[in-house]
Amino acid sequence: MFITFEGPEGSGKSTQIKMLLERLKQEKIPYTKTFEPGGTPLGQEIRKLLLHRPEPMAERAELFLYAADRAEHVKTVIKPALERGEVVICDRYYHSTMAYQGYGRGISLELIRNIMDIAISDAEPERVFLIDVPVEEGFKRIKTSGRDKDRIESEALSFHQRLREGYLEMAQKEEERFLVLDGTRSPEEIHEKIWDEVKRCL
Ligand code: TMP
């Protein structure tokens with residue numbers, strides 16, 4: 001089973017992933033937890049280019065770097081884990097590209113979908129947990145955490161608002177795959193909804 005977590009900045013994805021992993025551990029269900037960008041040694045290099053290089057980057061160069069990270073990740077981490085029969089939990093996947101590079105940057109969704117098809121070679125997530133949070137709320141949380149913003153987080157509020165709307169639109173279009181969770185609810189409440197859904201699918 002292949003599960004991805006998606007959401008705008010500061011949505012609380014990491015907390016939810018941690019809680020789900022604890023639950024899987026308790027139930028002795030084998031899993032692989034991974035993330036994008038950066039879930040492989042090559043991906044770590046690509047992540048640095050994407051997030052920590054201060055110079056501007058052409059939109060399509062950014063798109064191809066995310067795609068390259070993903071192609072390596074699918075081949076060396078995701079597919080092998082799925083073949084071993086593990087539950088794969090991935091923090092961000094191609095719906096992030098649709099949201100950020102598509103709805104956010106304005107690259108055609110059709111073009112992105114074609115590039116994604118090449119990068120993922122049929123590794124489609126079965127469930128996408130979208131943790132939705134108002135953009136202002138997400139950024140308040142990042143500010144409280146005291147860490148510096150990376151290149152993408154530093155984009156204008158309007159960019160982040162577009163991608164949040166994009167996520168919600170994709171969730172509507174792919175109802176059977178997405179579960180939208182209200183990220184302003186308590187972590188426990190969100191976790192129970194996620195766990196009910198994972199149990200149902202397992
Ligand atoms: P994160 O590891 O903190 O989630 O950071 C990854 C950043 O990269 C986040 O701002 C979202 C962005 N991103 C894209 O723009 N496109 C993508 O395809 C992915 C996977 C992430």
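**Figure 1. The span of residues 5–194 and its annotation.** Helices (H or I, at least four residues) and strands (E, at least two) are DSSP runs, numbered from the N terminus. An unreviewed UniProt entry annotates residues 5–194 as "domain: Thymidylate kinase-like". UniProt positions follow the numbering used here, feature names are shortened, and annotations may be inferred rather than shown by experiment. The model is predicted: local features need pLDDT of at least 70, side-chain atom pairs count only at pLDDT 80 or more, and totals for chains, interfaces and linings use all residues. Residues are numbered from 1 along each chain as its sequence is written, and side-chain values use heavy atoms, with hydrogens and water left out.

Figure 2. Strands of a sheet pair through backbone hydrogen bonds, either parallel or antiparallel. Here 5 strands form an open sheet in the order 2-3-1-4-5, with parallel pairing; two strands count as paired if DSSP finds at least two bridges between them. Strand 2 (31–35) and strand 5 (178–182) are the edge strands, each pairing on one side only. From one strand to the next, the twist averages 20°. Strand 2 pairs with strand 3 (residues 87–91) in the parallel sense over 5 bridges, and Thr-34 stands opposite Cys-90 in strand 3. Helix 3 (residues 59–83) lies across strand 1 (2–6), strand 2 and strand 3, and runs at about 160° to strand 2. Axes are lines fitted to C-alpha atoms, for helices over the stretch in contact (heavy atoms within 4.5 Å), and angles run from 0 to 180 degrees between N-to-C directions.

**Figure 3. Salt bridges between side chains.** Side chains of opposite charge can pair when their charged atoms come close. A salt bridge is a side-chain nitrogen of Lys or Arg within 4 Å of a carboxyl oxygen of Asp or Glu, and by this rule the count comes to 24. Glu-192 and Arg-23 form one of them (3.2 Å, N to O). This pair links distant parts of the chain, with Glu-192 in helix 8 (residues 187–201) and Arg-23 in helix 1 (residues 13–26), 169 residues apart. Arg-70 and Glu-36 form another (2.6 Å, N to O). Arg-70 belongs to helix 3 and Glu-36 to the loop between strand 2 and helix 2 (41–52), 34 residues apart. Buried means under 20% relative accessible area, exposed over 50%, and partly exposed in between (1.4 Å probe, protein chains only). Arg-70 is buried at 1%, Glu-36 is buried at 4%, and Glu-192 is partly exposed at 37%.

**Figure 4. The annotated binding site.** The unreviewed UniProt entry gives a "binding site" covering Gly-7, Pro-8, Glu-9, Gly-10, Ser-11, Gly-12, Lys-13 and Ser-14. Of these residues, the lining of the largest pocket includes Pro-8, Glu-9, Gly-10, Ser-11, Gly-12, Lys-13 and Ser-14. On a 1 Å grid over the protein atoms alone, a pocket is an open set of points where a 1.4 Å probe fits, with protein on both sides within 12 Å along at least five of seven lines; lining residues have an atom within 4 Å of a point. Glu-9 sits in the loop between strand 1 and helix 1 and is buried at 11% relative accessible area. Leaving aside neighbours within four places in sequence, the contacts of Glu-9 include Arg-92, Tyr-100 and His-160. Lys-13 lies in helix 1 and is buried at 9%.
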